[in-house]
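Subject: Two-chain model, handover

Hello,

Here is the structure I promised to pass on.

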Amino acid sequence: MSAISELSTLKRRKGPMTAAEKKANGRDNKAAYIFLLPWLVGLVAITVGPMLMSLYLSFTDYNLLQPPEWVGLDNFIRMFADARLHNSLGVTFTYVFVGVPLQLGVALLIALVLDKGLRGLPFYRSVFYLPSLLGGSVAVAILWKQIFGTTGLVNQALAMFGIQGPGWISDPSTALGSIVLLHVWTFGAPMIIFLAGLRQIPVMYYEAAKVDGASTLQQFWRITLPMLSPIIFFNLVLQIIGSFQSFTQAFIVSGGNGGPSDSTMFFTLYLYQKGFGQFDMGYASAMAWFLLVIIGVFTAINFIAAKYWVFYDD
Amino acid sequence: MTTKLETLPAPDKNTAGAGKPTNHRKPAKRRESRGTLAFSRAARTRALIKHGILILAGGLMIYPLLWMVVSSLRANELIFREPGLWLNSLEMSNYTDGWSALTHPFGHYMLNSAIVVIGSILGNLISCSMAAYAFARLQFTGKKLFFGIMLLTIMLPFHVVIVPQYILFSQIGWVNTFWPLIVPKLLATDAFFVFLMVQFIRGIPKDLDEAARIDGAGHPRIFLRVILPLMVPALATTTIFTFIWTWNDFFGALIYLTDPDMFTVPVALRAFVDSQSATSWGSLFAMSIVSLLPVFLVFLFGQRFLIKGIATTGIK
């Protein structure tokens, strides 16, 4: 179903598949590689080649004009001492580990309310889904900048209750929060995945639980949550990977500088500034690989932790 | 992990049904009928509370967007004083001012975006469907390895490739052209769509291929005459997602397009924000609305494909 489950079934199928493959081998090779040609060229020229190249560049000093100069581990040592980089990591972690659980929590909650054959479901679903399509755009980031500005929509609304709100985006303590909120606002996509998952839970489980006198809450903890856990896991992995790469919203809301006082300086934004602002391509490459390792580590942790909480109904 | 295949709708059934959105509501209907048997006062108040929550939450979600639409039709100074949604007069000047606020009329940037979007859609449709056919139907050496790599590239952060890609494209002299934004799509780098199509093709009965093969058709024929016509729903999903993602794409355009002649809509909007320091929010909002309109229309007409698409493959 999902790319994630495909990856692990791939591993499982290994034994019998190789035998079958050997038998059929050689039959379609020519045709297959012709069909795969664009993808193969892309893999080499657009993905794997550049990946290796950026690995190489991360050990060099390179400004696009002079040829790259090998500097060994210099870039990584610099990263170790770069306080702005550490700050940008903190900002990104906060964004990911506050924004993703909040977003998924809201998505699950609304999906649960929507699930029980409610009238007008397609309409509600559309209303909740629309923001997730628009949320990545520059236009919505501009809107956000106004809404959370000193005289923005939020403060206008608060003023009606006699509350004087802060300049949410100009205050370093709340600027990141408003971008996290923008992430939560896009909960529609995971909500739809949850809805699809909820539909797959056999109704008879609930019927049996009801006969046994289980309360709604018990049904949720004992049936819904375990049955849905593979999908929660799937959403979690995808959203974490995606959120680590978030860029547009912070860029537009902060006017490209990650301010105020670096409070919205996402790791990707700092990477952009280093690479495409100062053309410090070696350092930017080192940062990119560092990001890849971070994402890899958290994805691995996710998979390991999954063994303890994700339930598979065999 | 394997059981995920069973807990979610079977890929074939699900994607194949993309044309008829009603079929996946079946289980819900079953529950509904169960509910009507014991339709009581309590159930009714419960439904009412639910609708209340949903209307409140939905209203809160949509309000900023509605407010932006209304504000784009207001006099500039009202935007910072008027949180409500009612309009006393229509201020169309925001749209006319905004349209011509930058070096080129805004239509120029929309056209640029349209070129990139159309190129990307064609690229994705052709290259991804070809790769998907190979993965779904053909046996070849290294298939499993390549398939695994393809799945991994879906999750690869693009930052690890962006610097060398930029170097590569700038050396070919492609900076300030649309090629860096289109060529990767021609090379099936949006592996997500390859995966989506593989899932879909797996759901098409193999007998159809066999019949065509017995009639003497080779792989190109089978692909073009049998598989492609049957995978139209998957192609539609790909088209719609590619449209929205490319239309919204900011990072790629920001890096590769620095000449205002070549700006796509997102970078043009960004230039607009930078040039007008908080004085013309009305026209800024107006152009933001204009830039969101195509996405909104695609959403309106392609919704069922979008929802099927994310429900089956689970991506934003």
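This is a predicted model: local features need pLDDT of at least 70, side-chain atom pairs count only at pLDDT 80 or more; totals for chains, interfaces and linings use all residues.

Residues are numbered from 1 along each chain as its sequence is written, while chains are lettered from A and ligands numbered from 1 in the order in which they are written.

The chains

Chain A has 15 helices and two strands. Chain B has 16 helices and zero strands. Both element types are DSSP runs, numbered from the N terminus: helices are H or I over at least four residues, strands are E over at least two. Chain A has 314 residues, and 43% of them count as buried. For chain B the figure is 43% of 316 residues. Buried means that 20 or more other C-beta atoms lie within 10 Å of the residue's own; exposed means 12 or fewer, and partly exposed is in between, with C-beta atoms placed from the backbone.

Along the principal axes, the C-alpha atoms of chain A fill a box of roughly 75 × 75 × 35 Å. Take the contacts in chain A with a separation of 6 or more: 69% of them are between residues 24 or more positions apart. In chain B, 77% of contacts between residues at least 6 apart in sequence join residues at least 24 apart. A contact here means two C-beta atoms, placed from the backbone, within 7 Å.

Where A meets B

The contact takes 96 residues from chain A and 89 residues from chain B. On the chain B side, the largest share comes from helix α16 (residues 281-313), with twelve residues. That side of chain B divides into 57 nonpolar, 21 polar and eleven charged residues. Nonpolar covers Ala, Val, Leu, Ile, Met, Phe, Trp, Tyr, Cys and Pro; charged covers Asp, Glu, Lys and Arg; the others, Gly among them, are polar.

A helix pair in chain A

The axes of helix α5 (residues 83-115) and helix α10 (residues 188-199) of chain A come within 8 Å and cross at roughly 45°. That makes α5(A) oblique to α10(A). The crossing is right-handed. On α5(A), the contact residues include A:L104, A:A107 and A:L108; on α10(A), they include A:M191, A:F194 and A:L195. The residues of this contact divide into eleven nonpolar, one polar and one charged.

The UniProt record

An unreviewed UniProt entry lists "transmembrane region" for residues 32-57, 93-114, 126-144, 175-198, 219-241 and 286-310 of chain A. Such annotations may be inferred rather than shown by experiment. In the model, residues 32-57 of chain A are 100% helix and 0% strand, with end C-alpha atoms 34 Å apart. Residues 286-310 of chain A are 96% helix and 0% strand, and their end C-alpha atoms are 34 Å apart.

Most residues other than glycine have a negative phi. A:D262, not a glycine, has a positive phi of about 60°. A:D262 sits in the loop between α13 (248-253) and α14 (267-277) of chain A. A:D262 counts as partly exposed because it has 19 C-beta neighbours inside 10 Å. A:F279 is also not a glycine and has a positive phi of about 50°. A:F279 lies in the loop between α14 and α15 (281-309) of chain A. With 14 C-beta neighbours inside 10 Å, A:F279 counts as partly exposed.

Best wishes

Terms used
Axes are lines fitted to C-alpha atoms, for helices over the stretch in contact, and angles run from 0 to 180 degrees between N-to-C directions. Angles under 35 degrees count as roughly parallel, over 145 as roughly antiparallel, 65 to 115 as roughly perpendicular and the rest as oblique. A crossing is left-handed if the near helix is turned anticlockwise from the far one by less than a right angle, and right-handed if clockwise.
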